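Please walk through this model from its overall layout down to single residues.

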Amino acid sequence: MTGGLYLEGVRPAGVVGDYLGGPLRYDRNVNYELYMGAALAEARAAADAGEAADGAVAVLDEAMVARGRSAIATTGDPTAHAVIIVVREAARRLGRTKLSGLIVFTAVEPCAMCVGALIESDVDGLVFATPDAKSGASGSIAKGHLSVVSGIMAREAAELRLTSARGH
Ligand SMILES: [Zn+2]
């Protein structure tokens, strides 16, 4: 698991994730590759549009209830990160502001703003493909109940970021 190197030794209190030997909350019943593949497709579309190569999907009971991609340049909104967009879209579609039961899949490790949005909206789980050494904030969450799984399709996501014009 590529993500393990970056977060080596980090096992924050309140977050269940074993970044060394594989995540503790990894659930063998979840088709991680299917959902991460969809998030990576969004990331690819964002990169093609000249945005940061990041995309996300929200999953509830095995159904994808929202998809999103970074759109900062397109919208002129500095908060238009993939995770923020997907949280807003999921809340709108589900008609509720508390998103318990949801798992958010994202190509790139979310920043502090996005992690805050996940915690404030009671999202249950976060799965990301590749760590972000610059603004990633998912290795040091000190509160909340968000469980984190990293490294799913990490190589594909890392390659996408390298080949896209802009980093996250
Ligand atoms: Zn963000």
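This is a predicted model: local features need pLDDT of at least 70, side-chain atom pairs count only at pLDDT 80 or more; totals for chains, interfaces and linings use all residues.

Residues are numbered from 1 along each chain as its sequence is written.

The chain has six helices and five strands. Both kinds of element are DSSP runs numbered from the N terminus, helices being H or I runs of at least four residues and strands being E runs of at least two. In sequence order the pattern reads α-α-β-β-α-α-β-α-β-β-α. Of the 168 residues, 45% count as buried. Here a residue is buried if 20 or more other C-beta atoms lie within 10 Å of its own, exposed if 12 or fewer, and partly exposed in between, with C-beta atoms placed from the backbone. Two residues are in contact if their C-beta atoms, placed from the backbone, lie within 7 Å. Among the contacts with a separation of 6 or more, 59% join residues 24 or more positions apart.

Nonpolar side chains tend to be buried together in soluble globular proteins. In this model the largest nonpolar core has 45 residues. Such a core is a set of buried Ala, Val, Leu, Ile, Met, Phe, Trp, Tyr and Cys residues joined through C-beta atoms within 7 Å. The residues with the most contacts inside this core are Val 83, Val 86, Val 104, Phe 105 and Leu 118. Two or more residues each come from H2, S1, helix H4 (82-94), S3, helix H5 (112-120), S4, strand S5 (147-150) and H6. With residues up to four places away in sequence left out, Val 104 touches Ala 56, Ala 58, Val 83, Val 86, Leu 118, Val 123 and Leu 126.

Two packed helices are described by the angle between their axes and the distance between the axes. For helix H2 (residues 32-48) and helix H6 (residues 154-163), the axes come within 10 Å and cross at roughly 5°. H2 is therefore roughly parallel to H6. Axes are lines fitted to C-alpha atoms, for helices over the stretch in contact, and angles run from 0 to 180 degrees between N-to-C directions. Angles under 35 degrees count as roughly parallel, over 145 as roughly antiparallel, 65 to 115 as roughly perpendicular, and the rest as oblique. On the H2 side of the contact are Leu 40, Ala 43, Arg 44 and Ala 47, which meet Glu 156, Ala 157 and Leu 160 of H6. By class, this contact has five nonpolar, no polar and two charged residues. Ala, Val, Leu, Ile, Met, Phe, Trp, Tyr, Cys and Pro count as nonpolar, Asp, Glu, Lys and Arg as charged, and the others, Gly among them, as polar.

Which residues of H6 are buried? They are Ala 157, Leu 160 and Arg 161. These cover an arc of only 95° around the axis, so they sit on the same side of H6; the arc is that of the directions from the helix axis to the C-beta atoms. Arg 155, Leu 162 and Thr 163 are exposed on the other side of H6. The cover over the buried residues includes H2, strand S3 (102-108) and strand S4 (125-130).

Within H2, Ala 43 counts as buried because it has 31 C-beta neighbours inside 10 Å. Apart from neighbours within four places in sequence, Ala 43 is in contact with Ala 53, Asp 54, Gly 55, Arg 69, Ala 107 and Leu 160. Pro 110 is found in the loop between S3 and H5 and counts as buried, with 27 C-beta neighbours inside 10 Å. The C-alpha atoms of Pro 110 and Ser 135 are separated by 7.6 Å, at 25 residues apart along the chain.

The loop between strand S1 (55-60) and strand S2 (63-69) holds Asp 61, and Glu 62 lies in the loop between S1 and S2 as well. Phi of Asp 61 is near 50°, a positive value in a residue other than glycine. Glu 62, also not a glycine, has a positive phi of about 70°. Asp 61 counts as exposed with 8 C-beta neighbours inside 10 Å, and Glu 62 is exposed with 11 other C-beta atoms within 10 Å. Asn 29, in the loop between helix H1 (3-6) and H2, is 33 residues from Glu 62 in sequence and 9.9 Å from it in space, C-alpha to C-alpha.
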